[in-house]
Amino acid sequence: MEKQPKINVKPSKWEHILNALSILVIIGTIIYVFLSIKNLPDTIAIHFNNEGEADGWGSKWIIFGPIIIAIITFIPLYFLSRVPHKLNYLVEVTEQNVSRQYSLGRLFITTLNLEAVVIFCYISWEMIQFQIGNSFSVHLLLIIIFVIPISTIVIYITKMIKAR
């Protein structure tokens, strides 16, 4: 692999918005969990089958697990988005397209980062919802986990190819 050109590409307003949304989702979920955890039993459902029925149990503190994963995922992806010359591109990055490709690369990583944060925070939220008597939506979770990120990947690949 040839070394990518290194140029300074400023973050777009969308990157700022998506990063702010990621942080707000994390903070909002942490607040929601802290407000909810005192009302939960010590042992809660932590795993669900295809029908949305609980089939695994554990400590209520496990609800913080997905939030911690969201934070651990957010931080490196945030910093990765700031070095677009380190990313792999499907098209050759040239002097003519470097700005477009790097802008798309930054926005792509930032978008996936928000989606990862939403997925992990949604899991914590959904676990609490189940404990208070709402059903666990396995199908919605699968859509969020698979369809949305795959759609994002396809959209950005298409955009990057068009921006050659």
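Arg 106 forms a salt bridge with Glu 15, and their closest N and O atoms are 2.9 Å apart. Arg 106 belongs to helix H3 and Glu 15 to helix H1, so this pair ties together parts that lie 91 residues apart in sequence. Please keep in mind that this is a predicted model.

Are the two partners buried or exposed? Arg 106 counts as buried because its relative accessibility is 4%, under the 20% cut-off. Glu 15 is buried too, with a relative accessible area of 3%.

The count of salt bridges comes to two. In the other pair, the side chains of Lys 60 and Asp 42 meet at 3.8 Å, N to O. Lys 60 sits in the loop between strand S2 (54-59) and H2, while Asp 42 sits in the loop between H1 and strand S1 (43-48). These two residues are 18 apart, and the pair links distant parts of the chain. Here Lys 60 is buried, at 10% relative accessible area, whereas Asp 42 is exposed, at 60%.

Here are the two pairs together:

| Salt bridge | N to O distance |
|---|---|
| Arg 106 and Glu 15 | 2.9 Å |
| Lys 60 and Asp 42 | 3.8 Å |

Now let us look at helix H1 itself. H1 covers residues 13-37, which is 25 residues, and spans 36 Å from its first C-alpha to its last, close to the 36 Å expected. Its buried residues include Glu 15, Leu 18, Ile 26 and Val 33.

How values were computed:
Residues numbered from 1 in each chain as written. Predicted model: local features only at pLDDT ≥ 70, side-chain atom pairs only at ≥ 80, totals over all residues. Heavy atoms only, no water. Helix = DSSP H or I, 4+ residues; strand = E, 2+ residues; numbered from the N terminus. Expected span 1.5 Å × (residues − 1). Buried < 20%, exposed > 50% of the residue type's maximum accessible area, 1.4 Å probe, protein only. Salt bridge = Lys/Arg side-chain N within 4 Å of Asp/Glu carboxyl O.
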